[in-house]
Structures are given as C-alpha cells and as structure tokens.
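Please keep the sequence and the structure in view while reading.

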Amino acid sequence: MRVLVLNGPNLNLLGTREPETYGAKTLNDLETLMMERFPEVEFTFEQSNHEGMLIDTLHAARGYDGIVLNAAAYTHTSIALRDAIAAIEVPTIEVHLSNVHAREEFRHRSLIAPVCRGVISGLGMTGYILATEALLHPDAT
C-alpha cells in the first residue's frame, strides 16, 4: 500500500507554531509515528507552503492507493486544490489537527471536503492515523 501524506502551508512550523492549538510535536514526529504504526505502508511525506507545489504533488500522486491531506488554510480557499483532488481520482482523506469548527467562522467551510472520502478534524496527529486506517480498510468506513 502506497500512501501520500501531504501537508500544506505553515505545517513545517509544527512544534513551535501555536502549540496550544496545534500541539508540540513536529512533522518529523508525525512521520516517525506513521511509519512505526504502519510498517506495511510505503509512505511519501511532503509539505509545501505553495499552492502550486501542492497541486503538482497531487497530480504526481496518481498510482498511489490513498492520500492523507492536511491542506491547512488552503482548505478554505483553494478551488484549484479541490479540482486537483477530483481530477486524480485517488482516495483522499482531509485531516486537520485542530477542530476547525471550534475556531474562526472562515475555517468552518471546506472547499475540498466534497471531493474527499472523509474529513477528520480536531484529534491532533491521531487524525492522520485514523485517516490511514480508513484508507487501509475502506470497507469498514
């Protein structure tokens, strides 16, 4: 099983950026957690602060078995990301570390959710684990 874990803008600052909202763990911690939890999965981890790079990475993900995507702020603004997810037809799970519905009003709407298999929000890094479980066992969801 090949899974792309794709993180959007500002997530490279995990561990130091607003730890009260996003936690104290880093992206490296997330990668270690995922590889230890799912040794049978071949992960590719990518992060970019640039919308076009995220789109290019999604286009290159054809052939993957699934995508765990934290598009961060682009979740609420990017029709281009939505279109890229729809175009590649790879099962994608939208993930957010924080509970976006308990935050500012503008974070309550996801433009990408309608083209994703599911959305997990507010569970920290556990959300990435649950998303991977959903990709590994699609009949259970």
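Is Glu89 buried or exposed? Glu89 has a relative accessible area of 71%, and because the cut-off for exposed is over 50%, Glu89 counts as exposed. The model is a predicted one.

Five strands form an open sheet in the order 2-1-3-4-5, and their pairing is parallel. Strand 2 and strand 5 are at the edges; each has a single partner strand, so one side of each lacks a neighbour in the sheet. On average, neighbouring strands of the sheet are turned by 20° against each other, direction ignored.

Strand 3 pairs with strand 1 in the parallel sense over five bridges. In this pairing, Val5 is opposite Val68 of strand 3. Strand 3 also pairs with strand 4, again in the parallel sense, over three bridges. Two bridge partners in strand 4 can be named: Thr92 for Ile67, and Glu94 for Leu69.

## Burial of strand 3

How many of the five residues of strand 3 are buried? Five of the five are, so strand 3 is largely enclosed by the rest of the structure. In a regular strand, side chains alternate between the two faces of the sheet. Both faces of strand 3 are covered, with Gly66, Val68 and Asn70 buried on one side and Ile67 and Leu69 buried on the other.

On the helix 3 side the contact involves Glu51, Leu54, Ile55, Leu58 and His59; on the helix 4 side it involves Ala80, Leu81, Ala84, Ile85 and Ile88. An α-helix has 3.6 residues a turn, so residues three or four places apart point the same way.

## Helix 5 and Thr132

Helix 5 spans residues 126-136, and its buried residues are Gly127, Tyr128, Ile129, Ala131, Thr132, Ala134 and Leu135. Their cover includes helix 2 (27-37) together with strand 1 (2-7), strand 2 (42-47), strand 3 (66-70), strand 4 (92-96) and strand 5 (118-121).

Thr132 lies in helix 5. Its relative accessible area is 0%, so Thr132 is buried. Leaving aside residues up to four places away in sequence, Thr132 touches Met34, Phe38, Phe43 and Val68.

## Aromatic rings

Which residues do ring pairs link into a cluster? Phe38, Phe43 and Phe45 are linked in this way. A pair of aromatic rings is described by the distance of the centres and the angle of the planes. The structure holds two aromatic pairs. One of them joins Phe38 and Phe43, with 6.3 Å centre to centre and 65° between the planes, and is edge-to-face. Buried means under 20% relative accessible area, so Phe38 at 2% counts as buried, and Phe43 at 12% also counts as buried.

Another ring has a charge over it: the charged end of Arg2 sits over the ring of Tyr64, 4.0 Å from the ring centre.

## Loop residues

Gly8 belongs to the loop between strand 1 and helix 1 (19-22), and with 0% relative accessibility it counts as buried. Gly8 and Asn49 are 41 residues apart in sequence, while their C-alpha atoms are 5.7 Å apart in space. Not counting residues up to four places away in sequence, Gly8 touches Gln47, Ser48, Asn49, Leu54, Asn70, Ala71 and Ala72.

Most residues other than glycine have a negative phi. Ala72, a residue other than glycine, has a positive phi near 55°. Ala72 is in the loop between strand 3 and helix 4 and counts as buried at 14% relative accessibility. Glu89 also has a positive phi, of about 55°, although it is not a glycine. The loop that holds Glu89 runs between helix 4 and strand 4.

Technical notes. Residues are numbered from 1 along each chain as its sequence is written. This is a predicted model: local features need pLDDT of at least 70, side-chain atom pairs count only at pLDDT 80 or more; totals for chains, interfaces and linings use all residues. Side-chain values use heavy atoms; hydrogens and water are left out. Buried means under 20% relative accessible area, exposed over 50%, partly exposed in between (1.4 Å probe, protein chains only). Helices (H or I, at least four residues) and strands (E, at least two) are DSSP runs, numbered from the N terminus. Contact means heavy atoms within 4.5 Å. Rings of Phe, Tyr and Trp (its six-membered ring) pair if their centres lie within 6.5 Å; planes under 30 degrees apart count as stacked, over 60 as edge-to-face and the rest as tilted. A charge sits over a ring if NZ of Lys or CZ of Arg is within 6 Å of the ring centre and within 35 degrees of the ring normal. Two strands pair if DSSP finds at least two bridges between them. Axes are lines fitted to C-alpha atoms, for helices over the stretch in contact, and angles run from 0 to 180 degrees between N-to-C directions.
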